[in-house]
Amino acid sequence: MLTEKPAWRSLRAHFDEIESLHIRDLFAADEQRFESFSLEACGLFFDFSKNRITRETLRLLLLLAEESELERKREALFSGQPINNTENRPALHTVLRQRSDQSVRVDGRDVLVDVREELDRMREFSNAVFCGAVTGSTGRAFTDVVNIGIGGSFLSAVVVCDVLKPYAKTGLGVHFISDVDGKEAVDVLDTLNPETTLFIVSSKTFDTQETMTNARTVRQWLNTALGNDDAWLRHFVAVTAHEERALAFGIEQGCIFRIWDWVGGRYSLWSAIGLPVVLYAGMEQFEQLLEGAYAMDCHFRQTPPESNMPVIMALLGIWYIDFFDSDAQAILPYDRHLQRLPGYLQQLEMESNGKSVTRQGQAVDYETVPVVWGQSGTNGQHAFYQLIHQGTRLIPADFIAPMRSSYDVGDHHAILLTHFFAQTEALMTGRTATEVRQDMESAGFDKADIDRLLQHRVFAGNRPTNTIVFPELNARTLGSLLACYEHKVFVQGVIWDINSFDQWGVELGKMLARGILPELMGKDISDNHDSSTRGLIRYYRRHACRPKQSSS
Ligand code: F6P
């Protein structure tokens with residue numbers, strides 16, 4: 001067990017020694033701290049100097065990685081071993097963006113061939129849409145594409161489309177329907193012309209209730225709007241690992257793009273799940289995204305742990321989660337194009353590592369992934385920064401920003417970055433009582449008010465942050481950034497000895513929901529429910545209008 005490893009025990013002792021150290025003093029003691037605790041890879045600059053660490057901390061964390069056999073397990077990832085041990089599958093998202101011709105075999109088959117074939121199909125299809133060779137049922141070219149999918153079948157694509165807006169030159173609008181809340185579908189469909197809209201049903205299983213419900217609703221909407229029951233056929237393509245289910249839904253063979261069971265949903269952006277990105281921003285942009293991710297794969301695979309960006313990010317997380325007992329990790333991008341990044345990372349991190357048993361099924365006796373949350377700055381500053389500055393909890397934060405903005409609006413970006421830099425400095429240095437007293441005396445406060453307000457205005461500081469910056473936000477840097485977080489999640493899973501690639505925790509809710517639906521429709525309410533659930537279903541039946549049976 002992890003907690004019995006020698007490095008873990010050394011870290012526990014080391015924590016007792018350095019817990020009370022202040023980062024401000026660590027900077028004062030080492031003029032080279034910024035240079036020593038920062039690194040650059042794939043165009044990303046990673047400053048981790050504002051952390052509660054010393055060189056000895058890093059040495060011990062790296063030792064923990066070594067004792068966890070990180071490098072052997074990293075090779076198992078890249079070489080297609082069945083590291084997803086509960087589903088007996090590889091996790092080969094790296095092959096999806098692989099630029100080298102090194103074959104990778106799964107069950108004897110070189111999957112790189114399949115990946116390349118599907119990328120070619122995406123390129124050909126998108127070109128046919130752009131040139132009008134592929135049109136809607138009335139012969140008009142497509143003007144909009146709607147992705148119908150949820151979780152890993154949408155969250156990454158929406159981030160990438162947000163980021164690539166300044167580079168999107170295809171002329172198509174992109175939209176996303178993910179939630180089964182009918183408002184989302186209505187809000188999207190209300191803005192669209194059925195004749196010129198293409199729908200992508202993205203679902204690895206082609207069995208997710210929300211997605212299939214939305215797909216049926218859209219199919220009906222199209223047929224009604226276009227006046228015949230086959231009109232929808234020219235407006236639907238599918239992305240799935242279950243071709244037979246897409247065929248059963250009625251989608252034609254040539255309109256089905258393949259993904260595979262050896263790629264996890266939340267790691268599938270780089271596959272045909274990225275089709276909305278291609279149709280919105282173009283294949284060249286998508287290739288740049290793959291290039292960026294591949295560059296990070298090479299960095300992660302070839303760089304010694306002590307200079308390895310995902311490894312250092314992962315180890316710093318372990319330090320706070322398992323030794324400082326921090327139960328949250330903030331993602332604070334200072335660029336509106338990245339406003340959906342926290343939501344994507346929530347699934348990537350918490351669906352991967354929100355586990356409490358080891359790969360062997362033993363209950364862990366240590367913390368695993370915390371709550372991952374965040375919001376783009378500076379809105380967050382006016383919402384929750386009070387807590388991260390003066391609250392009782394330690395909340396490590398990743399601050400992320402490009403140095404150049406895609407939008408040249410006066411001095412807005414410079415002002416945005418002043419906050420970006422100031423916040424990590426403030427979180428680290430804090431403000432001592434002496435400094436606050438001086439501030440208040442200089443501002444003319446009288447002694448009584450100073451004594452009364454002093455403690456309210458003191459900032460303890462010592463609040464750790466990582467800063468990730470890059471010259472500009474484009475497809476390539478985004479690909480590297482997202483791949484960096486994928487590998488960070490992998491490294492933490494290795495150290496926690498958990499399976500980062502299954503998600504059994506999502507199944508129970510889905511199963512219970514399927515049993516409740518007929519009870520909302522009027523079927524007898526099962527006595528198996530607790531009294532709360534029974535009472536709430538009865539409340540629903542008293543107050544809700546009878547839902548129409550969803551169109552099958
Ligand atoms: O959230 C559970 C989950 O299975 C995710 O892992 C997945 O990304 C999402 O649902 C959608 O699944 P599918 O792509 O099969 O519709």
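Student: Which element supplies the largest share of the lining of the largest cavity?

Tutor: A lining is read by asking which elements its residues come from. Here, in a predicted model, helix α14 supplies the largest share of the lining of the largest cavity, with four residues. At least two residues each come from α14 (309–322), β12 (397–404) and β13 (465–472).

Student: How many residues line the largest cavity, and which lie nearest its centre?

Tutor: The lining of the largest cavity has 13 residues. Nearest the centre are Leu 316, Gln 329, Pro 396, Asp 398 and Asn 466. By class, the lining divides into six nonpolar, five polar and two charged residues.

Student: What volume does the largest cavity have, and how many cavities of 30 Å³ or more are there?

Tutor: The volume of the largest cavity is about 80 Å³. The count of cavities of 30 Å³ or more comes to four.

Student: Now the pockets. How much space lies in the largest pocket?

Tutor: A cavity is a space the probe cannot get out of, whereas a pocket is open. In this model the largest pocket holds about 1,000 Å³ of space. Its lining consists of 36 residues, and those nearest the centre of the pocket are Thr 205, Thr 208, Gln 503, Glu 507 and Lys 510. Two or more lining residues come from each of α10 (209–226), α15 (341–353) and α21 (507–520). Of the elements, α21 gives the largest share, four residues.

Student: How does the lining of the largest pocket divide into nonpolar, polar and charged residues?

Tutor: There are nine nonpolar, 15 polar and twelve charged residues in the lining of the largest pocket.

Student: Where is the ligand, and what surrounds it?

Tutor: The ligand takes the space of the largest pocket. Around the ligand are 13 residues, the closest being Ser 153, Ser 203, Thr 205, Thr 208 and Glu 351. This shell has two nonpolar, eight polar and three charged residues.

Student: Which residues place polar atoms by oxygen atoms of the ligand?

Tutor: Ser 153 uses a polar side-chain atom, 2.6 Å from an oxygen atom of the ligand. Gly 152 has a backbone N or O atom 2.7 Å from a ligand oxygen. For Lys 204 a polar backbone atom lies 2.8 Å from an oxygen atom of the ligand. On its own the ligand has 390 Å² of accessible area, and the protein covers 87% of that.

Student: Last, the backbone. Which peptide bond is cis, and where does Thr 378 lie?

Tutor: Most residues other than glycine have a negative phi, and most peptide bonds are trans. The bond joining Gly 377 and Thr 378 is cis, with omega about 0°. Thr 378 has its place in the loop between β11 (371–374) and α16 (385–390).

Student: What is the phi of Asn 88, and where is Asn 88 found?

Tutor: Asn 88 is not a glycine, yet its phi is positive, about 50°. Asn 88 is in the loop between α5 (70–78) and α6 (93–96).

Methods: Residues are numbered from 1 along each chain as its sequence is written. This is a predicted model: local features need pLDDT of at least 70, side-chain atom pairs count only at pLDDT 80 or more; totals for chains, interfaces and linings use all residues. Side-chain values use heavy atoms; hydrogens and water are left out. On a 1 Å grid over the protein atoms alone, a cavity is a set of points where a 1.4 Å probe fits but cannot get out, and a pocket is an open set with protein on both sides within 12 Å along at least five of seven lines; lining residues have an atom within 4 Å of a point. Grid points are joined across faces, edges and corners, and a volume is the space filled by probe spheres set on the points. Ala, Val, Leu, Ile, Met, Phe, Trp, Tyr, Cys and Pro count as nonpolar, Asp, Glu, Lys and Arg as charged, and the others, Gly among them, as polar. A residue is near a molecule or strand if one of its heavy atoms lies within 4 Å of it. A polar contact is a pair of N or O atoms within 3.5 Å; within protein, one must be able to donate a hydrogen and the other to accept it, and residues adjacent in sequence count only if both atoms are side-chain atoms. Accessible areas come from the Shrake-Rupley method with a 1.4 Å probe; for residues, only the protein chains shown count as cover. A molecule sits in a cavity or pocket if more than half of its atoms lie within 2 Å of its grid points.
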